[in-house]
Amino acid sequence: MKIIKKNGYNIAVRDGVFDIGDCVLALGNFDGVHLAHRKLLLRAIDIKNSIGASLVGAWSFEENPLCALTDNPPPYIYNAQTKAEIMLSMGMDFVILCDFKYFKDMSPSCFVQTHLI
């Protein structure tokens with residue numbers, strides 16, 4: 001795993017991944033990468049394979065969003081690096097890690113238009 005900075009994000013990538021273009025992307029906090037998270041990530045891999053996309057990845061946050069929303073956030077289950085390592089080991093080609101504080105007041109349409117598309 002290596003971490004690259006691109007477009008203001010930290011991106012954990014598997015060896016051999018250099019460019020992220022059209023892809024299948026799973027979005028979520030993935031704080032514990034528990035069974036439901038794993039099912040979503042595995043479904044993204046299935047979709048990638050069924051449509052012939054070149055990459056599959058996950059978009060998550062460096063810290064739990066509740067850190068920005070409350071004065072008493074829950075303890076971390078995994079830090080960002082461990083979370084990324086787990087997702088990459090499951091078959092994700094990359095994991096985008098960003099700062100939730102930047103997005104918390106953004107409209108959904110702005111998020112999609114500016115960051116996903």
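With 117 residues, the protein chain would have a radius of gyration near 13 Å as a compact globule; its 14 Å agrees with that. The radius is taken over C-alpha atoms, and the globule rule is 2.2 Å times the number of residues to the power 0.38. The model is predicted: local features need pLDDT of at least 70, side-chain atom pairs count only at pLDDT 80 or more, and totals for chains, interfaces and linings use all residues. Residues are numbered from 1 along each chain as its sequence is written, and side-chain values use heavy atoms, with hydrogens and water left out.

## Overall build

The C-alpha trace spans about 45 × 30 × 25 Å along its principal axes. The protein chain holds 5 helices and 5 strands. Their order along the sequence is β-β-β-α-β-α-α-β-α-α. Helices (H or I, at least four residues) and strands (E, at least two) are DSSP runs, numbered from the N terminus.

Of the 117 residues, 38% count as buried. Buried means under 20% relative accessible area, exposed over 50%, and partly exposed in between (1.4 Å probe, protein chains only). The chain exposes about 6,900 Å², and carbon and sulfur atoms supply 54% of that area. Accessible areas come from the Shrake-Rupley method with a 1.4 Å probe; for residues, only the protein chains shown count as cover.

Among contacts with a separation of 6 or more, 69% join residues 24 or more positions apart. A contact means heavy atoms within 4.5 Å.

The chain carries 11 positive and 12 negative charges, and their mean positions are 4 Å apart. Lys and Arg count as positive, Asp and Glu as negative; His and the chain ends are not counted. A charge is placed at NZ of Lys, CZ of Arg, CG of Asp or CD of Glu.

## Lys-48, Asp-93 and Val-24

Lys-48 sits in helix H1 (residues 35-51). At 17% relative accessibility, Lys-48 counts as buried. Beyond its neighbours within four places in sequence, Lys-48 contacts Val-24, Ala-53, Ser-54, Leu-55, Val-56 and Asp-93. Ala-68 is 20 residues from Lys-48 in sequence, and their C-alpha atoms are 32 Å apart.

Asp-93 lies in the loop between helix H3 (80-90) and strand S5 (94-98). Asp-93 is buried, at 4% relative accessibility. Neighbours within four places aside, its contacts are Ala-12, Val-13, Arg-14, Val-17, Lys-48, Ser-54, Leu-55, Val-56 and Leu-88.

Val-24 belongs to strand S3. Val-24 is also buried, at 10% relative accessibility. Not counting residues up to four places away in sequence, Val-24 touches Ala-44, Ile-47, Lys-48, Ile-51, Ala-53, Leu-55, Val-56 and Gly-57. Val-24 and Pro-108 are 84 residues apart in sequence, with 19 Å between their C-alpha atoms.

## Positive phi in a loop

Most residues other than glycine have a negative phi, and most peptide bonds are trans. Phe-30 has a positive phi, near 50 degrees. Phe-30 is found in the loop between strand S3 (24-27) and H1. Val-33 lies in the loop between S3 and H1, and its phi is positive too, near 45 degrees. Phe-30 is buried at 1% relative accessibility. Val-33 is buried at 2%.

## Cysteines

A disulfide is a covalent bond between the sulfur atoms of two cysteines. The structure holds 0 disulfides. The criterion is a pair of cysteine sulfur atoms within 2.5 Å. Cys-110 is in no disulfide either; its nearest cysteine sulfur, that of Cys-98, is 13 Å away.

| Residue | Relative accessibility | Class |
|---|---|---|
| Cys-23 | 30% | partly exposed |
| Cys-67 | 25% | partly exposed |
| Cys-110 | 33% | partly exposed |

Cys-67 is found in helix H2 (residues 66-69). Cys-67 touches Pro-73 and Tyr-76, not counting residues up to four places away in sequence. Asn-79 is 12 residues from Cys-67 along the chain, and 13 Å separates their C-alpha atoms.
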